[in-house]
Amino acid sequence: MKRILRSRSLRRVATAIVATAVVGASLAACSSGSSSSSGSGSDVDAALKAGGEITYWSWTPSAEAQVAAFEKEYPKVKVKLVNAGTNTTEYTKLQNAIKAGSGAPDVAQVEYYAIPQFALSDSLVDLTQFGFDKLKSDYTAGPWSSVNVGGKLVGLPQDSGPMAMFYNKTVFDKYGIAVPTTWDEYTAAAEKLHAADPNAYITSDSGDSGFTTSMIWQAGGRPFSVDGTKVTVNLQDEGTKKWTATWNKLVEGKLLSSVPGWSDEWYKALGNGSIATLITGAWMPGTLESSVTEASGQWRVAPIPTYDGKPANAENGGGGQVVLKQSKNQALAAGFLKWLNNDESSIKVFLKSGGFPSTTKDLSSDAFLSDAPEYFGGQKINEVLADGAKNVSTGWQYLPYQVYANSIYADSVGQSYASNSDLNTGLKAWQQSIVDYGNKQGFTVTGK
């Protein structure tokens with residue numbers, strides 16, 4: 001979802017503060033144990049019929065319209081919508097409420113990368129008790145995996161970000177560049193483009209933690225393994241090194257633009273063709289259409305390149321909603337959450353706001369697949385993006401303190417980018433920092 005992913009640049013601000021707070025409370029909860037509740041699907045139905053009031057924290061543009069639609073359908077239920085801030089701002093407030101034992105909302109929006117931290121603190125309701133585990137087939141694999149943590153279903157997915165390659169067809173045609181289907185072809189295209197125009201680059205990448213982890217995921221890497229408070233980190237596993245073997249050619253060869261993502265200069269480069277592709281999530285079309293208007297008709301979408309020609313993909317961004325254990329009416333909160341992310345009337349509102357769905361039904365609908373924006377030359381872009389969602393590999397795990405890990409990425413891997421040197425050196429340094437921090441916080445962290 002573009003509004004979530006666009007906030008990546010904001011995550012570098014104050015993330016260490018919320019990470020430390022979450023981790024501390026997480027380990028305290030693990031040692032003391034939290035009370036659990038019980039319920040069923042019939043309890044949810046009964047709660048919706050009985051009505052009541054719940055509080056929902058969200059920063060999504062679609063939230064207000066979704067709440068209005070829900071209250072129209074369930075007039076006995078009042079949903080108090082609160083914008084508590086974007087990602088880390090909300091997470092700080094949420095963790096403070098968890099630590100205080102009061103003040104948390106009934107339902108909260110949380111991005112996939114941050115969900116494990118709140119799940120570890122035993123602050124989230126296991127929705128399996130309401131039968132929501134039976135909704136698995138309604139969602140694509142990547143988002144569904146992201147809301148299942150430690151054997152518990154701690155949320156429902158809202159959006160997804162299967163990766164794809166967005167490319168400027170006008171630039172490719174000008175320099176006779178074929179659309180790459182493998183990473184070797186992508187590297188060759190980067191070399192050809194930059195040789196033809198020294199001011200043009202295949203893409204921009206000055207070092208972004210979310211992009212790095214998504215690329216490792218797509219390459220088959222699984223550098224983080226989490227079992228409660230036991231964590232293993234291996235940022236030199238086979239998949240990670242497969243990615244660095246390719247990306248190092250671009251970094252060390254100075255074939256990547258160093259223009260920071262989401263900056264004014266970056267938008268300008270996307271508009272004038274000096275950045276020719278973007279490897280990013282399926283939420284990108286709305287951003288291009290609204291912020292790079294001068295390039296209308298020039299951009300297209302293709303599957304993300306692969307290493308061997310066999311479809312393989314990863315997620316880049318997105319999030320869902322969770323029910324907090326502090327909720328005094330968990331069944332009603334769960335009912336609202338199910339409606340929010342599983343009811344067609346809610347999802348239609350979400351799609352109108354530019355969100356990319358995680359629901360298989362919507363990804364396969366004729367209306368969704370037949371959309372052919374003029375911006376993309378009339379291409380049915382959702383056909384490509386929906387196929388990408390089907391090819392997301394499973395088994396990925398985030399760290400239980402991923403927010404903190406992302407905040408220190410620039411100090412290690414970022415330096416490799418800055419010096420156009422081996423990414424493995426930066427990844428090893430990042431791993432050591434991740435291991436050291438985790439052990440200091442009370443986790444048992446092993447580095448391989």
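User: Where is the place of Thr-212?
Analyst: Thr-212 sits in helix 10; helices (H or I, at least four residues) and strands (E, at least two) are DSSP runs, numbered from the N terminus. This is a predicted model, in which local features need pLDDT of at least 70, side-chain atom pairs count only at pLDDT 80 or more, and totals for chains, interfaces and linings use all residues. Residues are numbered from 1 along each chain as its sequence is written, and side-chain values use heavy atoms, with hydrogens and water left out.

User: Is Thr-212 buried or exposed?
Analyst: Thr-212 is buried, at a relative accessible area of 0%. Buried means under 20% relative accessible area, exposed over 50%, and partly exposed in between (1.4 Å probe, protein chains only).

User: What is Thr-212 in contact with, leaving aside neighbours within four places in sequence?
Analyst: Trp-243, Tyr-409, Tyr-417 and Leu-427. Contact means heavy atoms within 4.5 Å.

User: How do helix 10 and helix 11 cross?
Analyst: The axes of helix 10 (residues 209–218) and helix 11 (residues 238–252) come within 8 Å and cross at roughly 115 degrees. That makes helix 10 roughly perpendicular to helix 11. Axes are lines fitted to C-alpha atoms, for helices over the stretch in contact, with angles from 0 to 180 degrees between N-to-C directions. Angles under 35 degrees count as roughly parallel, over 145 as roughly antiparallel, 65 to 115 as roughly perpendicular and the rest as oblique.

User: Which residues meet there?
Analyst: From helix 10, Phe-211, Thr-212, Met-215 and Ile-216 meet Thr-240, Trp-243 and Trp-247 of helix 11.

User: On to the core. Which residues touch the most other members of the largest nonpolar core?
Analyst: Leu-127, Trp-243 and Trp-247, out of 104 residues. A nonpolar core is a set of buried Ala, Val, Leu, Ile, Met, Phe, Trp, Tyr and Cys residues joined through side-chain atoms within 4.5 Å. Helix 14 (residues 330–342) gives the largest share of this core, 8 residues.

User: Why does this core lie between domain 1 and domain 2?
Analyst: Domain 1 (39–159 + 316–363) and domain 2 (162–313 + 375–445) both give residues to this core, so it lies between them. The domain bounds come from an automatic or database domain assignment.

User: How far apart are the C-alpha centres of the domains?
Analyst: The centres of domain 1 and domain 2 lie 29 Å apart. Domain 1 puts 14 residues into the contact and domain 2 puts in 27 residues.

User: Which residues of helix 12 are buried?
Analyst: In helix 12 (residues 264–272), Trp-266, Tyr-267, Ala-269, Leu-270 and Gly-271 are buried. Their cover includes strand 7 (163–168), strand 10 (277–281), helix 13 (284–291) and strand 11 (299–303).

User: And what follows helix 12?
Analyst: Gly-273, with a positive phi near 90 degrees.

User: What about phi of Trp-262 and Asn-420?
Analyst: Trp-262, in the loop between helix 11 and helix 12, has a positive phi near 70 degrees. Asn-420 has a positive phi near 50 degrees and is in the loop between helix 20 (413–418) and helix 21 (423–440). At 28% relative accessibility, Asn-420 is partly exposed.

User: Last one: is Glu-64 buried or exposed?
Analyst: Glu-64, in helix 4 (residues 63–73), is exposed, with a relative accessible area of 62%. Its C-alpha atom is separated by 7.2 Å from that of Leu-81, 17 residues apart along the chain.
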